[in-house]
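Me: I would like to learn how to read a few features of a protein model. Can we take them one at a time?

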Amino acid sequence: MRKSLVAVMVAATVAGAAVAGIGAAQAATSDSLTPVVFRPGLSATLQADADALRKYGAPGVLVELDTSRGDVRVRSGYGNVAKSTPVPWDAKFRIGSFTKPFVAATVLQLVGERRLSLDDKVERFLPGLIRGNGNDGRRITVRQLLQHTSGLPEYTNAMAAMGTEQGFQESRLRTWSNAELVGLAMQFPADFAPGSRWSYSNTGYVAASMIIEKVTGHTWQQEVRDRIVRPLGLRNTYLPGTTPTIPRPHAVGYQRFPGPDATPEDPRYGEPIDATLLNPSLAGPAGEMISTADDANTFLRALVTGKVLKRAQLVEMQRTVETDDNLRGRWPGARYGLGIVWADNSCGGYWSHGGDIPGFMTRNGVSPDGSRSVTVSINTDSLKPDAGVQMPAVDITTDLVDHALCNVR
């Protein structure tokens, strides 16, 4: 959830231009949606929450809450800082690791069709692919790939060069195959014996997508598109493969890079660059997809209400395991299922899966009964707080998501 797809990558405020309308200068943008005035108290709360994210280094923020009574949209800051224009209401954005629930649901549909089992070993489908340095596909199950209990090391460990501006600029348009990504991971020792611990691994989802392709004879993108995107009518959700552009309208995705003497606690970020143009094959099935807030909410609500998976497979998806201190620190009470996270909030808990990829950060949440879903898009995944502002221990969207899902006013 919170591990960036490239894990090594480590202006004035528009403080009210969202709920009731936009100013004359901003009205000239290509927005095709208008904000919905719905439950003014809740709209004001979410607007204040969106505005508050600016101090942590968010150039722009887009929020959409979908409920059975109507939708609420708010935004703050800039989609394009140089032009001082807001994030488009119907912006398309890279969703990063929010791709994982789509991949997991596709695997689970195949399980429901008895074309594979969650307890099948990876070796059955991908003989010899995962081997070496203690990594062994003969010992890893499909369930463990989706659950992050496989022990597979991160392939992003081999992408250290992309943690610098020069390395990013040199590699941002490179095409990676899924087999190459797994091969990168095999350079490193296994993190632990399969099933003995939990640790987030993008590599596991790359392997899972290769199993989809082996079982179906189609690309994982085609299967996700045919099984989920089209049936749910997600007309603004894309599986771009190697296409580096984002369909319009979209915000600029900004990326900052660590400066001299950077530490994990203080990366000493320099000035942001425009990272919108990016070959998403570096993330592949672990994070390549593009969507909108409206489509994202539609998917989440459909997922938890049984419109994507049969009951038996949804139960498996929502069967969670303990995670680690890092994830629980960012999302209190976080437990991981199969491509989905359960986290605590003030009204009992919610399902979620965020995503980070250079230029964009996605956060979301859906109530257990699917009655409410919220999606937050921020056009950077390298946050640099204002001078004197301390980053919170929890994720910066924690209050916003809680207010969206738990505020019944």
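**Reading strands, helices and cores**

Me: Which residue of β15 is the bridge partner of R363?

Reply: The partner of R363 is V376 in β15. Keep in mind that this is a predicted model.

Me: Which other strand pairs with β15, and over how many bridges?

Reply: Strand β1, residues 60-67, pairs with β15 over seven bridges, again in the antiparallel sense.

Me: How many residues of β15 are buried?

Reply: Buried means under 20% relative accessible area. By that cut-off, seven of the seven residues of β15, which spans 372-378, are buried. Read the strand by its faces: R372, V374, V376 and I378 are on one side, S373, T375 and S377 are on the other, and both sides are covered.

Me: How do I read two helices in contact, and at what angle do the axes of α1 and α12 cross?

Reply: An angle over 145 degrees counts as roughly antiparallel. The axes of α1 (residues 40-52) and α12 (residues 398-406) cross at roughly 170° and come within 9 Å, so α1 is roughly antiparallel to α12. On the α1 side the contact is made by L42, T45, L46, D49 and A50, and on the α12 side by D399, L400, H403 and A404. By class, five of these residues are nonpolar, two are polar and two are charged.

Me: Which residues touch the most other members of the largest nonpolar core?

Reply: This core has 104 residues, and L53, F102, L116, I211 and M317 touch the most other members. Take M317 as the case: beyond its neighbours within four places in sequence, its contacts include P101, A104, L108, L303 and I340. A second, separate core has five residues, among them L62, V87, W89 and A91.

Me: Are R114 and H148 buried or exposed?

Reply: R114 counts as exposed because its relative accessibility is 77%, whereas H148, at 1%, counts as buried. Each has a positive phi without being a glycine: near 60° for R114, and about 65° for H148. R114 is in the loop between α2 (99-112) and α3 (122-125), and H148 is in the loop between α4 (142-147) and α5 (165-171).

Me: Which residues does the cis peptide bond join?

Reply: It joins R248 and P249, with omega about 0°. P249 lies in the loop between α8 (220-229) and β6 (254-255).

Methods:
Residues are numbered from 1 along each chain as its sequence is written. This is a predicted model: local features need pLDDT of at least 70, side-chain atom pairs count only at pLDDT 80 or more; totals for chains, interfaces and linings use all residues. Side-chain values use heavy atoms; hydrogens and water are left out. A nonpolar core is a set of buried Ala, Val, Leu, Ile, Met, Phe, Trp, Tyr and Cys residues joined through side-chain atoms within 4.5 Å. Buried means under 20% relative accessible area, exposed over 50%, partly exposed in between (1.4 Å probe, protein chains only). Contact means heavy atoms within 4.5 Å. Helices (H or I, at least four residues) and strands (E, at least two) are DSSP runs, numbered from the N terminus. Axes are lines fitted to C-alpha atoms, for helices over the stretch in contact, and angles run from 0 to 180 degrees between N-to-C directions. Angles under 35 degrees count as roughly parallel, over 145 as roughly antiparallel, 65 to 115 as roughly perpendicular and the rest as oblique. Ala, Val, Leu, Ile, Met, Phe, Trp, Tyr, Cys and Pro count as nonpolar, Asp, Glu, Lys and Arg as charged, and the others, Gly among them, as polar. Two strands pair if DSSP finds at least two bridges between them.
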